[in-house]
Amino acid sequence: MSDDDQIDSGDVDQDSMADDWAAAMAEAGEGGGESGAEDDWAAAMAEAGVEPETEPEPEPAPVAADTMPLQEFSQGGDGSQPDLQVVLDIPVTMSMEVGQTSISIRNLLQLTQGSVIELDRLAGEPLDVLVNGTLIAHGEVVVVNEKFGIRMTDVISPQERIQRLR
């Protein structure tokens, strides 16, 4: 027997097996899907007086503000010009960061009045200006009417701020 005869007889076996499966499916009334079994189940549930449970449709996931397109923020609800009056009175926390350092809890507990902590920033370097924890500018310390103030030396563009959020 040659290899071609074995392949041909294998094809015939597979074809006849496929025909057998198709006939069995047709007899069962399933037509190629599981709808027959689902219909039988639904009929049995109806006989028992049990209503089928319907699954609620999942709610769409909320979209974070930093992933929304800028167009949605820049236009009013009716597609007109932006209504900035809505957000102008929202309070934000503004802080200036001189520098940072990491120390152990042991060293933290040993701090007393007069202790000096070395920071990661050089003297004379600009401070970071943060709004709600987001860097928006750099500045230098000034004295205004005997109080400290900060003069903005470099303001980060809105595009750069958005890129830093991602």
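Arginine 121 and aspartate 128 form a salt bridge, with 2.9 Å between the closest N and O atoms. The model in which this pair is found is predicted. Aspartate 128 has a relative accessibility of 12% and counts as buried, because buried means under 20%. The structure holds 2 salt bridges.

The other pair is arginine 151 with glutamate 140, whose closest N and O atoms are 2.7 Å apart. This pair links distant parts of the chain: arginine 151 belongs to strand S4 (residues 147-155) and glutamate 140 to strand S3 (residues 134-144), with 11 residues of separation. Arginine 151 is partly exposed at 46% relative accessibility, and glutamate 140 is likewise partly exposed, with a relative accessible area of 36%.

**Chain and fold**

The protein chain contains 5 helices and 4 strands. Along the sequence, these elements follow the pattern α-α-α-β-α-β-β-β-α. Of the 166 residues in the chain, 8% count as buried. The accessible surface of the chain is about 14600 Å², and 54% of that surface belongs to carbon and sulfur atoms. Among contacts in the chain with a separation of 6 or more, 31% are between residues 24 or more positions apart.

**Strand pairing**

| Strands joined | Bridges | Direction |
|---|---|---|
| S1 (residues 94-97) and S2 | 4 bridges | antiparallel |
| S2 and S3 | 5 bridges | antiparallel |
| S3 and S4 | 8 bridges | antiparallel |

On the S3 side, leucine 127 stands opposite glycine 139, while valine 131 has threonine 134 as its bridge partner.

S2 and S3 form a hairpin with 2 residues between the strands, and asparagine 132 there takes a positive phi near 50°. Glycine 133 is also placed in the loop between S2 and S3. At 64% relative accessibility, glycine 133 counts as exposed, because exposed means over 50%. The C-alpha atoms of glycine 133 and serine 95 are 7.9 Å apart in space, although the two residues are 38 residues apart in sequence.

S3 and S4 also form a hairpin with 2 residues between them, and asparagine 145 in that turn has a positive phi of about 50°. Across this pair of strands, histidine 138 has aspartate 154 in S4 as its bridge partner. Valine 141 stands opposite isoleucine 150 in S4. The salt bridge between arginine 151 and glutamate 140 also connects S4 with S3.

**Nonpolar surface**

A nonpolar patch on the surface is formed by Leu84, Val86, Val87, Leu88, Ile90 and Val92, which together have about 580 Å² of accessible area. One of these residues, isoleucine 90, lies in the loop between helix H3 (70-74) and S1. Isoleucine 90 counts as exposed, with 51% relative accessibility.

**Confidence**

The mean pLDDT of the protein chain is 74, and 60% of its residues reach 70 or more. Which helix has the lowest confidence, and which the highest? The lowest is H3, with a mean of 52, and the highest is helix H4 (residues 105-109), at 94.

Two stretches are recorded here with pLDDT values under 50. Over residues 2-9, pLDDT stays under 50, and the model has 1 contact beyond four places in sequence for that stretch. Over residues 30-34, pLDDT also stays under 50, and the model has 5 contacts beyond four places in sequence. Where pLDDT is low, predicted coordinates should not be read in detail.

Technical notes
Residues numbered from 1 in each chain as written. Predicted model: local features only at pLDDT ≥ 70, side-chain atom pairs only at ≥ 80, totals over all residues. Heavy atoms only, no water. Salt bridge = Lys/Arg side-chain N within 4 Å of Asp/Glu carboxyl O. Buried < 20%, exposed > 50% of the residue type's maximum accessible area, 1.4 Å probe, protein only. Pairing = 2+ DSSP bridges. Patch = residues over 30% accessible without salt bridge, like charges linked within 9 Å, V, L, I, M, F, W, Y side chains within 5 Å. Areas by Shrake-Rupley, 256 points an atom, 1.4 Å probe, with all protein chains shown as cover. pLDDT = per-residue confidence, 0-100. Contact = heavy atoms within 4.5 Å.
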